[in-house]
Amino acid sequence: MRKTIYLFIALAFLTSCAVRKGTVSNWQARRNNQSIQKANSATIAGYSPLTSLQYINRYKAIAIQEMNLYGIPASVTLAQGLFESGSGNSELAKIANNHFGIKCTPGWNGKSYYRDDDNRNDCFRVYDRAEDSFRDHSLFLKRKNYTKLFALDITDYKSWAQGLKDAGYATNPNYPSLLIGIIQKYNLDQYDNPPAGTETRDTLLTKADQNIVTAAKDSTIKAAPAGKTYTVKQGDTLYNISKRFGLTVDNLRTLNNLDDNNIKIGQLLVVKP
C-alpha cells in the first residue's frame, strides 16, 4: 500500500513538472484543460459574442489606464487584443481570459491552458479576469527585450507595431501591418492623442479607473534631493529623458536611487545634481 502511495506521489510530481515545462502529452493537456473549463464553466456558459466595436468600448478604459501606468499606446494594446483574441471570442479569451496570446514562461506560476500553436500543446497563461490579462500584457512588455519600444513616441503606433515584431512578440511577418490596419480601421489612435474638443484619456476612464491611476502616480512620487528636477510625463522613458538632459541611463538611475528602468507619470526625477 505504501509503495502504491509513493508511486502515485511520484507520478503526480512528474506530471506537474511536465505540465510546468510545457512538455505535456495529449492526455495531460486534455485533463488540464478540462479542469480549467470546469472551473470557468459559469463564465463560459454566460458568454455572449462581441463585435469589434463592442470589444473596443468594453476595454478601451483599461487600455488607457495601462497606457497611463506603463507607457504603452492604448491603440496598440487594443489592436493586439482585437487581433489576438478575435475581438474577445477566441478559445483562449473565453476559457482562459487570455486576450494577448501570452504563453507560459519559466517564471510563470499561474494556471496554464494548452492548445496547438507554433508547437503541439503550447502552454498559454490563464487569468482570473480579462483585466488581469491586460495588466500582464503591460508587465510582459516591460521585459528586457522590449526596452527599445519605450524610447519611441507614445503616439507612434506604426513604430510600436514594427518594434513588437522585431522584438519577437509574434512570428507572423505581417504582424505590424495587421496591427496598423486594425488601428486605422477603428481610429484607435484617438485614445493615444485625442484631438482638441474630444474626450481626453482621463475622461474616458471610469471614476474607479481614475482613482487607480491617481493612486499609482502618487505612490511613485518621492522626495528628491536638491538639484534640477523633471516631472515624468506620458510617453517618457529613462532613455529619452537621459538623452534630453545629456545623461546616460545609468547616471539617471544613480541620481534617483532607482533599482530598474521603471518610471511612472508624475514621478519627480533629479536630472542635474
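Visitor: At what angle do helix α4 and helix α5 pack?

Guide: This is a predicted model, in which local features need pLDDT of at least 70, side-chain atom pairs count only at pLDDT 80 or more, and totals for chains, interfaces and linings use all residues. Residues are numbered from 1 along each chain as its sequence is written, and side-chain values use heavy atoms, with hydrogens and water left out. With axes as lines fitted to C-alpha atoms over the stretch in contact, and angles running from 0 to 180 degrees between N-to-C directions, α4 (residues 52–70) and α5 (residues 74–85) have axes 8 Å apart and pack at about 135°.

Visitor: How do the residues of the contact of α4 with α5 divide into nonpolar, polar and charged?

Guide: Contact means heavy atoms within 4.5 Å, and residues of α4 including Tyr-55, Ile-56 and Lys-60 meet residues of α5, among them Leu-78 and Leu-82. With Ala, Val, Leu, Ile, Met, Phe, Trp, Tyr, Cys and Pro as nonpolar, Asp, Glu, Lys and Arg as charged, and the others, Gly among them, as polar, the division is nine nonpolar, four polar and one charged.

Visitor: Why is the pair of Phe-150 and Trp-160 edge-to-face?

Guide: Rings of Phe, Tyr and Trp (its six-membered ring) pair if their centres lie within 6.5 Å, and planes under 30 degrees apart count as stacked, over 60 as edge-to-face and the rest as tilted. The ring centres of Phe-150 and Trp-160 are 5.3 Å apart and their planes stand at 85°, so the pair is edge-to-face.

Methods. Helices (H or I, at least four residues) and strands (E, at least two) are DSSP runs, numbered from the N terminus.
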